[in-house]
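Below is a short report on one protein chain.

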Amino acid sequence: MSAEPVSLLARALDPGVEPPADALSRRILDSALELAAASGVRNLTMDDVARRARVGRMTVYRRFGDKARLVDALAVRESRRCLEQLDAAIGPEAPIEEQVAAGFVTSLRLGREHPLLNRLARFEPETVLGALLADGGAVFMAASAFVAARLRASQEAGVLGPLDVEEAAELLVRLAFSFVLVQESALPLDDEERAAELARRLIAPMLSRGGGRSRPL
């Protein structure tokens with residue numbers, strides 16, 4: 001989605017960075033999201049965004065500079081929204097089986113319902129893969145670091161036993177991306193209760209080999 005995927009995800013993970021939040025900028029970004037979801041990021045133009053947002057094209061340029069920076073701002077905002085939903089799905093003090101189930105179901109829901117992510121996965125998977133592989137896989141590593149931080153918080157809360165959180169995080173992120181990119185499946189992924197049970201039964205045990213509640217670190 002961007003020529004600078006590393007800085008994009010870094011900004012999305014940085015709580016001190018906020019995308020433009022005034023009403024006009026939100027309207028422009030909302031219009032860009034609708035257009036990108038309908039016809040793809042590659043076909044997005046500043047003129048089309050201006051028309052959809054019902055503003056002059058120079059207003060879009062003044063707010064965002066050019067298409068690349070508009071897409072960057074959109075990507076940061078939407079990445080932040082996705083991360084916030086994942087983070088809010090369940091607290092790090094909940095049983096690890098429930099955390100895995102909630103994270104799995106939320107990831108599936110985001111891949112299915114987020115308009116741009118769903119479009120990219122279905123029609124432009126090469127864009128997603130390109131972002132993941134760019135700069136030595138830095139976006140993938142940043143996503144893994146986000147999950148690793150959650151796992152450390154669960155260890156500190158005493159609900160996750162001793163294990164290598166970096167290895168576990170990479171495994172979970174690889175699983176998540178595979179389900180987002182390859183949405184066709186014989187698994188009951190459209191039924192959230194059955195998908196959650198699947199995660200508890202098959203994914204959570206990979207994290208619980210340390211056995212039950214851990215001692216505080």
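## A side-chain pair: Glu192 and Arg109

The side chains of Glu192 and Arg109 are joined by a polar contact of 2.8 Å. A polar contact is a pair of N or O atoms within 3.5 Å; within protein, one must be able to donate a hydrogen and the other to accept it, and residues adjacent in sequence count only if both atoms are side-chain atoms. This is a predicted model: local features need pLDDT of at least 70, side-chain atom pairs count only at pLDDT 80 or more, and totals for chains, interfaces and linings use all residues. Residues are numbered from 1 along each chain as its sequence is written, and side-chain values use heavy atoms, with hydrogens and water left out.

Glu192 sits in helix α10, residues 192-203. Helices (H or I, at least four residues) and strands (E, at least two) are DSSP runs, numbered from the N terminus. Glu192 is partly exposed, at 31% relative accessible area. The classes are buried (under 20%), exposed (over 50%) and partly exposed (in between), with a 1.4 Å probe and protein chains only. Neighbours within four places in sequence aside, Glu192 is in contact with Val105, Arg109 and Arg112. Contact means heavy atoms within 4.5 Å. Val105 is 87 residues from Glu192 in sequence, yet their C-alpha atoms are 6.2 Å apart.

## Arg112 in α6

Arg112 belongs to helix α6, residues 96-113. Arg112 is partly exposed, with a relative accessible area of 30%. Leaving aside neighbours within four places in sequence, Arg112 is in contact with Asn118, Leu189, Asp190 and Glu192. Arg112 and Asp190 are 78 residues apart along the chain, and 9.1 Å separates their C-alpha atoms.

## Overall make-up

The chain has 10 helices and zero strands. Of its 217 residues, 45% are buried. Among contacts with a separation of 6 or more, 73% join residues 24 or more positions apart.

The largest nonpolar core holds 25 residues; Ile28, Val49, Val60, Leu70 and Leu116 have the most contacts inside it. Such a core is a set of buried Ala, Val, Leu, Ile, Met, Phe, Trp, Tyr and Cys residues joined through side-chain atoms within 4.5 Å. At least two residues each come from α2 (23-39), α3 (46-53), α4 (57-64), α5 (67-88), α7 (115-123) and α8 (125-156). Helix α2 gives the largest share of this core, six residues. A second, separate core has 23 residues, including Ile96, Val100, Ala168 and Leu189.

What does Val60 touch, not counting residues up to four places away in sequence? The partners of Val60 are Ile28, Met46, Val49, Ala50, Val55 and Gly65.

## Helix α2 against α5

Two packed helices are described by the angle between their axes and the distance between the axes. The axes of α2 and α5 come within 10 Å and cross at roughly 90°. That makes α2 roughly perpendicular to α5. Axes are lines fitted to C-alpha atoms, for helices over the stretch in contact, and angles run from 0 to 180 degrees between N-to-C directions. Angles under 35 degrees count as roughly parallel, over 145 as roughly antiparallel, 65 to 115 as roughly perpendicular and the rest as oblique.

On the α2 side, the contact uses Arg26, Ile28, Leu29, Asp30, Ala32 and Leu33; on the α5 side, Leu70, Ala73, Leu74, Arg77, Glu78 and Arg81. By class, seven are nonpolar, none polar and five charged. Nonpolar covers Ala, Val, Leu, Ile, Met, Phe, Trp, Tyr, Cys and Pro; charged covers Asp, Glu, Lys and Arg; the others, Gly among them, are polar. Arg77 is buried, with a relative accessible area of 7%. The side chains of Arg77 and Asp30 form a polar contact of 2.9 Å.

## Helix α3 against α4

The axes of α3 and α4 come within 8 Å and cross at roughly 110°. Helix α3 is thus roughly perpendicular to α4. Met46, Asp47, Val49 and Ala50 of α3 meet Arg57, Val60 and Tyr61 of α4. This contact has five nonpolar, no polar and two charged residues.

Arg54 lies in the loop between these helices, α3 and α4. Arg54 is exposed, at 66% relative accessible area. Its phi is near 60°, a positive value in a residue other than glycine. Most residues other than glycine have a negative phi.
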